[in-house]
Amino acid sequence: MSTDNSTRRIETSYLARVEGEGAMHVRLRGEEVEAVELRIFEPPRLFEALLRGRDLGEAPDITARICGICPVAYQTSACQAMEDALGIEVEGPLRTLRRLIYCGEWVESHCLHLYMLHAPDFLGYESGFAMARDHREVVERGLRAKKAGNRLIETVGGRAVHPINVRVGGFYKAPTRRALEELRPELERCREEALQTVRWTAALEFPELERDYELVCLRSERGDEYPIDRGGIVSSRGIDVAPAEFDATFEEEQVPHSTALHARVRGRGAYLTGPLARFNLNRERLSPLAVEAAAEAGIGAGCRNPFRSIVVRAVEILYAFDEALRLIDAYEEPDAPAVEAEPRAAVGHGVSEAPRGLLYHRYEIDADGRIVTARIVPPTSQNQRSIEEDLREFVAANTALPDEDLRHRCEQTIRNYDPCISCSTHFLKLEVERL
Amino acid sequence: MSDARHLFIGIGNPLRGDDAAGLLAAQALRRREPAGVEVRELEGEPVDLIEAWAGRETVLVADAVCSGGVPGEVLRVDAAAGPLPAELAGTSTHALGLAEAVELARALERLPARLVVYGIEATSFAAGAEAGAEVRAAAEHVAAAAAEELAN
């Protein structure tokens with residue numbers, strides 16, 4: 001252990017290029033990391049409380065307002081929880097549409113993060129705008145992809161942000177086959193370009209960091225399906241449970257330095273949800289094109305370096321375009337746009353893979369269909385502990401870096417997660433204190 | 001889509017009080033039936049904005065702003081000349097908005113030759129509410145100013 005007791009303090013009071021408000025504090029005594037705290041100070045938003053007494057049909061649209069980046073995730077988890085409570089299943093073309101609109105959201109969200117928020121870290125730019133001046137072709141490609149994602153959501157969901165066509169049991173109006181067919185040329189072009197982006201991200205330089213995470217994500221009951229809209233919950237250390245067992249498997253606790261709850265596996269500790277978890281546990285279920293692209297990008301055998309999550313997101317963007325095209329081919333217009341059901345007193349659980357990871361909803365409803373209790377566990381709060389552990393390991397291995405470089409790498413470590421602080425508050429300021 | 005040389009874009013949410021300011025200005029301008037001008041109402045998503053103003057000579061954009069002024073106050077900013085002032089830029093840490101769209105387009109050399117932003121000072125954003133009287137009056141004022149600017 002070092003006997004150097006000189007004080008070093010590095011501070012970023014407000015983290016840029018993350019969604020929401022938070023800060024990070026790192027305290028170093030010599031070369032020993034004494035404390036790492038991800039401080040989330042965005043005020044609690046109390047969605048769970050305001051849902052009480054509302055009709056079950058309102059949950060998808062109310063919870064969608066938690067996030068402007070991933071409303072489809074909130075709508076999907078909420079719908080599925082309510083459908084679980086009502087005892088109905090959404091299958092066939094309605095399920096196809098649900099997965100299709102979700103592909104649009106993965107594209108929108110991953111593109112914003114990859115091109116505008118995360119890539120500048122690897123290329124040494126302060127912002128996406130500064131990067132855009134020197135890498136026009138890449139950023140233009142990103143904009144085209146994001147636009148295709150927008151159109152997909154618009155076509156299925158009625159509008160690109162906070163879609164209005166999603167309801168418990170399915171949709172208010174099913175799109176025509178022709179409307180979806182019209183998206184094909186743009187989706188095909190973006191799929192080609194997504195392949196170029198996988199190659200482009202693979203050529204970036206990555207800091208060394210391999211982490212032994214417990215990876216948690218969904219796994220579809222169908223063997224050929226990468227997890228997006230539903231599935232059971234699995235982990236790299238043997239968890240294999242139904243959504244209803246979320247609370248029996250994971251627990252949340254309050255910590256003084258954050259307005260977001262910290263989650264952990266009961267009896268164990270931190271876990272990781274999101275693109276790395278999905279990819280490592282389900283990569284054989286990607287489409288052949290995405291599997292091939294991942295192999296070519298050097299992550300075919302898996303990836304536990306959080307900095308390489310940008311490559312994984314690029315692979316998931318490619319997959320989302322590929323999958324969207326497959327779903328459009330398979331789509332037959334449904335007889336009815338939704339499955340109807342009578343309310344009943346019950347508890348329902350819903351899970352889906354938001355772009356940032358597992359999103360769990362649980363509702364208790366009464367015989368009139370009113371919400372008695374609501375619980376929402378977003379991915380960023382589940383990942384907080386892992387983010388802190390990444391920071392602890394990275395800082396411990398890199399204490400020789402000058403303060404400014406260390407601060408930048410710490411910020412980048414946090415952005416690896418594409419944290420959505422607004423969703424998790426229930427978050428960034430970065431502070432490194434050397435004692 | 002029209003290929004009019006001039007485009008007026010109103011941005012806003014019709015169901016959130018004063019946030020409808022830009023939409024109201026667009027509707028007021030449309031009633032004036034200005035020649036050679038396309039009027040559009042958008043949600044303000046950056047990719048849609050950049051796409052919308054591609055190939056146009058003049059683009060005027062109206063949006064609600066919170067700069068600490070009195071409700072209905074109108075700010076006119078020449079966005080082609082430089083970034084929007086800090087008090088008009090991104091109140092959201094959660095999504096990219098108009099100011100980011102302008103800077104992204106500038107970096108990509110996709111700004112129209114003339115890009116003017118009218119900011120209408122807004123204070124009340126209650127769900128389901130109509131825009132306040134000052135903001136509605138300001139929207140009319142912006143439509144008149146825009147019509148005059150586009151006629152020249």
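**View 1. Helices α8(A) and α12(A) of the predicted model.** The axes of helix α8 (residues 184–202) of chain A and of α12(A) come within 9 Å and cross at roughly 160 degrees, where axes are lines fitted to C-alpha atoms, for helices over the stretch in contact, and angles run from 0 to 180 degrees between N-to-C directions. The two helices, α8(A) and α12(A), are therefore roughly antiparallel to each other; angles under 35 degrees count as roughly parallel, over 145 as roughly antiparallel, 65 to 115 as roughly perpendicular and the rest as oblique. Helices (H or I, at least four residues) and strands (E, at least two) are DSSP runs, numbered from the N terminus. The crossing of α8(A) past α12(A) is left-handed, a term used if the near helix is turned anticlockwise from the far one by less than a right angle, with right-handed used if clockwise. Among the residues making the contact are A:Leu187, A:Arg191 and A:Val198 of α8(A) and A:Val315, A:Leu318 and A:Phe321 of α12(A), two residues being in contact if their C-beta atoms, placed from the backbone, lie within 7 Å. By class, this contact has 16 nonpolar, two polar and four charged residues; Ala, Val, Leu, Ile, Met, Phe, Trp, Tyr, Cys and Pro count as nonpolar, Asp, Glu, Lys and Arg as charged, and the others, Gly among them, as polar.

This is a predicted model, in which local features need pLDDT of at least 70 and side-chain atom pairs count only at pLDDT 80 or more, while totals for chains, interfaces and linings use all residues. Residues are numbered from 1 along each chain as its sequence is written, and chains are lettered from A and ligands numbered from 1 in the order in which they are written.

**View 2. The largest nonpolar core.** This core has 165 residues, and those with the most contacts inside it are A:Val315, A:Leu318, B:Ala21, B:Ala25 and B:Ile120. Helix α12 (residues 309–330) of chain A gives the most to this core, with 14 residues. Leaving aside neighbours within four places in sequence, B:Ile120 is in contact with residues including B:Ala21, B:Ala62, B:Val74 and B:Val142. A nonpolar core is a set of buried Ala, Val, Leu, Ile, Met, Phe, Trp, Tyr and Cys residues joined through C-beta atoms within 7 Å.

**View 3. Helices α1(B) and α4(B).** Helix α1 (residues 21–31) and helix α4 (residues 133–151) of chain B pack at an angle of about 50 degrees, with their axes 8 Å apart, which makes α1(B) oblique to α4(B). The crossing of these helices, α1(B) and α4(B), is right-handed. The contact involves residues including B:Ala21, B:Leu24 and B:Ala25 of α1(B) and B:Val135, B:Arg136 and B:Glu140 of α4(B), and by class it has 12 nonpolar, no polar and two charged residues.

**View 4. A:Asp121 in chain A.** Found in helix α4 (residues 92–123) of chain A, A:Asp121 is buried, with 20 other C-beta atoms within 10 Å. A residue is buried if 20 or more other C-beta atoms lie within 10 Å of its own, exposed if 12 or fewer, and partly exposed in between, with C-beta atoms placed from the backbone. Not counting residues up to four places away in sequence, A:Asp121 touches A:Gln412 and A:Arg415. The C-alpha atoms of A:Asp121 and A:Glu411 are separated by 8.9 Å, although these residues are 290 residues apart along the chain.
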